[in-house]
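Here is a friendly briefing to read alongside the model. Have the viewer open and follow the topics in order.

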Amino acid sequence: MSKTVVLKCGGSTVHQLSETFFQSLKDLVSSNWRVMIVHGGGPDITKMLKALEIETEFYNGQRKTTEDVLEIAEMVLAGKINKHLTNLLQQKGFNSIGVSGTDGGLLQAEYLDKENLGLVGKVTSVQTSVVSLLMENGYIPVVAPLARTVTNETLNVNADLAAAAIANGVGAEKFLFVTDVPGIMDQNKQVIETITPQEITELIGKEVITGGMIPKVESAVATLSDICQEVMIVSGSEAFVENGIFKGTKIVKEGKVLRS
Ligand SMILES: Nc1ncnc2c1ncn2[C@@H]1O[C@H](COP(=O)(O)OP(=O)(O)O)[C@@H](O)[C@H]1O
Ligand SMILES: CC(=O)N[C@@H](CCC(=O)OP(=O)(O)O)C(=O)O
């Protein structure tokens with residue numbers, strides 16, 4: 001039976017995906033992996049909000065989302081970025097379908113911290129039937145990180161957290177964060193090949209892992225399970241798998257160093 005890999009493509013990399021990245025994706029598909037993509041788009045949302053002179057700020061790494069901000073976030077995520085990626089995949093020879101996390105009940109959420117963040121969601125459940133059907137039929141689902149509450153309100157969701165919830169929900173064997181760096185770097189800017197949750201905590205404490213890397217490693221650690229034994233941080237501007245060998249940083253459960 002084929003295994004599932006979830007890729008989270010960050011907003012920092014969605015416009016810079018290289019030919020070798022798509023070659024790696026082809027290798028995965030031809031090795032019988034079922035592929036699903038969840039994307040971000042933070043920089044594009046910020047750019048559009050600035051152009052429209054709508055104020056935007058972050059609280060604990062998440063965008064404070066008013067109704068005006070949500071309207072633009074949904075427009076950019078489910079419109080601009082989702083169509084950009086879906087079209088690009090189609091152009092590169094993949095069958096892809098773009099959906100929003102609000103479609104088909106895919107992502108259900110509750111308010112994360114209504115007082116401080118406004119319309120921001122924390123995913124509570126993932127309805128996988130539609131995306132599973134798509135993958136079974138050879139399509140790559142491309143998901144925008146928006147969710148619905150039980151009372152049908154749309155909420156903005158941090159893409160790292162949305163991707164982690166989806167990886168868990170679909171029972172993915174592999175979960176890759178595709179970003180603008182080739183992996184987690186140590187204090188000497190060398191890419192770390194394998195890292196455990198304990199080492200991650202140490203590097204956050206030493207402020208070697210900072211900023212946008214923190215939600216990634218925290219989501220990675222939270223996603224590690226008996227099914228998903230390996231989460232990776234990889235680059236979108238180069239090959240992330242060659243001859244079955246994955247390149248980047250592998251985040252593995254304590255003491256386990258696994259082969260690709
Ligand atoms: N130890 C680290 N190793 C690599 N990148 C790091 C590290 N600490 C912080 N970062 C930062 O994390 C960034 C990736 O996070 P982010 O910009 O949020 O990406 P994305 O748009 O893919 O979600 C890198 O560009 C880098 O500046
Ligand atoms: C609540 C929240 O912060 N939502 C994010 C959703 C996009 C995202 O996470 O994009 P990246 O992966 O490019 O950062 C935002 O509005 O920017």
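UniProt positions are given here in the numbering used for this model, feature names are shortened, and annotations may be inferred rather than shown by experiment. This is a predicted model, in which local features need pLDDT of at least 70 and side-chain atom pairs count only at pLDDT 80 or more, while totals for chains, interfaces and linings use all residues. Residues are numbered from 1 along each chain as its sequence is written, and chains are lettered from A and ligands numbered from 1 in the order in which they are written.

**Annotated domain**

- The unreviewed UniProt entry lists residues 3–234 as "domain: Aspartate/glutamate/uridylate kinase".
- Helices (H or I, at least four residues) and strands (E, at least two) are DSSP runs, numbered from the N terminus.

**Annotated binding site**

- Under "binding site", the unreviewed UniProt entry lists Gly41, Gly42, Arg63 and Asn156.
- These positions are spread over 116 residues of sequence, yet they cluster in space, with a largest C-alpha distance of 11.8 Å.
- Gly41 sits in the loop between strand E2 (34–39) and H2.
- Gly41 is buried, because 28 other C-beta atoms lie within 10 Å; the cut-offs are 20 or more such atoms within 10 Å for buried, 12 or fewer for exposed, and anything in between for partly exposed, with C-beta atoms placed from the backbone.
- Not counting residues up to four places away in sequence, Gly41 touches Gly11, Val14, Val76, Leu77 and Ile81; contact here means that the C-beta atoms, placed from the backbone, lie within 7 Å.
- Arg63 belongs to strand E4 (residues 62–63), and Arg63 counts as buried because it has 22 C-beta neighbours inside 10 Å.
- With neighbours within four places in sequence left aside, Arg63 is in contact with Thr56, Phe58, Val69 and Asn156.

**Helix packing**

- Two packed helices are described by the angle between their axes and the distance between the axes.
- The axes are lines fitted to C-alpha atoms, for helices over the stretch in contact, and angles run from 0 to 180 degrees between N-to-C directions.
- Helix H2 (residues 42–51) packs on helix H3 (residues 67–91) at an angle of about 130 degrees, with the axes 9 Å apart. H2 is therefore oblique to H3; angles under 35 degrees count as roughly parallel, over 145 as roughly antiparallel, 65 to 115 as roughly perpendicular and the rest as oblique.
- H2 and H3 make a right-handed crossing; a crossing is right-handed if the near helix is turned clockwise from the far one by less than a right angle, and left-handed if anticlockwise.
- On the H2 side, Asp44, Ile45, Met48 and Leu49 meet Val69, Ile72, Ala73, Val76, Lys80 and Ile81 of H3. By class, this contact of H2 with H3 has eight nonpolar, no polar and two charged residues, where Ala, Val, Leu, Ile, Met, Phe, Trp, Tyr, Cys and Pro count as nonpolar, Asp, Glu, Lys and Arg as charged, and the others, Gly among them, as polar.
- Helix H6 (residues 159–170) and helix H8 (residues 213–223) pack at about 15 degrees, with their axes 9 Å apart. H6 is therefore roughly parallel to H8.
- H6 also passes H8 in a right-handed crossing.
- In that pair, Asp160, Leu161, Ala164, Ala167 and Asn168 of H6 meet Pro215, Lys216, Ser219, Ala222 and Thr223 of H8. The contact of H6 with H8 divides into five nonpolar, three polar and two charged residues.

**Loop residues worth a click**

- Gly101 is in the loop between strand E5 (96–100) and strand E6 (107–111), and Gly101 is buried, with 30 other C-beta atoms within 10 Å.
- Among the residues that Gly101 touches are Leu106, Val143, Pro145, Val157 and Ala162.
- Asn60 lies in the loop between strand E3 (58–59) and E4; its phi is near 50 degrees, a positive value in a residue other than glycine. Asn60 is exposed, with 12 other C-beta atoms within 10 Å.
- Lys189, in the loop between strand E11 (174–179) and strand E12 (194–195), has a positive phi near 65 degrees. Lys189 counts as exposed, with 8 C-beta neighbours inside 10 Å.

Methods
Two residues are in contact if their C-beta atoms, placed from the backbone, lie within 7 Å.
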